Amino acid sequence: MDALDIEAEIDEGLVLDVARQAAHRVDRPAAPISAYLLGYAAALAGGGTEEVEDLAGRVLALADKWEGEEDLAAELEQGLEIDDSEGTLVDAE
């Protein structure tokens, strides 16, 4: 990462898997956004390899569960909200 003046050991394959799953399971523009947010969240969590792997696993699980924007909107209309810590829908009441 010399171009960005950072020293980091990353699993490029894992980041590419996150981008690939986001693009194919969610929507193509979700790929770079997901990769960016993975990096941001990893930095906030300390940026270690274990944190990156854990966060990437959570992103991949969310992409696997994705059923589409319409389904999410319907769930939100029923009084559910997203629990960002777990990436799941919870009862808003």
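**Close-up views of a predicted model**

**View 1. S34 in helix 2.** S34 lies in helix 2, an element that covers residues 30-44. The structure shown is a predicted model. Is S34 buried or exposed? S34 counts as buried because its relative accessibility is 16%, and the cut-off for buried is under 20%. Leaving aside residues up to four places away in sequence, S34 touches V18 and A22.

**View 2. The fold as a whole.** The protein contains four helices and two strands. Read from the N terminus, the order of these elements is α-α-α-α-β-β. The protein has 93 residues, and 17% of them are buried. Taking the contacts between residues at least 6 apart in sequence, 38% join residues at least 24 apart. The protein exposes about 7,000 Å², and 51% of this area comes from carbon and sulfur atoms.

**View 3. The largest nonpolar core.** Which residues form the largest nonpolar core? Its seven members are L14, V18, L38, A42, L55, A56 and L60. At least two residues of this core come from each of helix 1 (12-26), helix 2 and helix 3 (49-65). Helix 3 gives the most, with three residues. V18, a member of this core, is also one of the residues that S34 touches.

**View 4. Contacts of L38.** L38 belongs to the largest nonpolar core. What does L38 touch, when residues up to four places away in sequence are not counted? The residues touched by L38 are V15, V18, V52, L55 and A56. Among them, V18, L55 and A56 are also listed in the largest nonpolar core.

**View 5. The second largest pocket.** The space in the second largest pocket comes to about 270 Å³. Its lining has 13 residues, and those closest to the pocket centre are A8, I10, G39, A42 and V52. Which element gives the most to this lining? Helix 2 does, with five residues. Sorted by class, the lining residues are ten nonpolar, two polar and one charged.

**View 6. Residues shared between the views.** A42 is one of the residues closest to the centre of the second largest pocket, and A42 is also part of the largest nonpolar core. V52 is likewise listed among the residues closest to the pocket centre, and V52 is touched by L38.

Conventions:
Residues numbered from 1 in each chain as written. Predicted model: local features only at pLDDT ≥ 70, side-chain atom pairs only at ≥ 80, totals over all residues. Heavy atoms only, no water. Buried < 20%, exposed > 50% of the residue type's maximum accessible area, 1.4 Å probe, protein only. Contact = heavy atoms within 4.5 Å. Areas by Shrake-Rupley, 256 points an atom, 1.4 Å probe, with all protein chains shown as cover. 1 Å grid on protein atoms, 1.4 Å probe; cavity = no way out; pocket = protein on both sides within 12 Å on 5 of 7 lines; lining within 4 Å. Points joined across faces, edges and corners; volume = space filled by probe spheres on them. Nonpolar A, V, L, I, M, F, W, Y, C, P; charged D, E, K, R; others polar. Core = buried A, V, L, I, M, F, W, Y, C linked by side-chain atoms within 4.5 Å.
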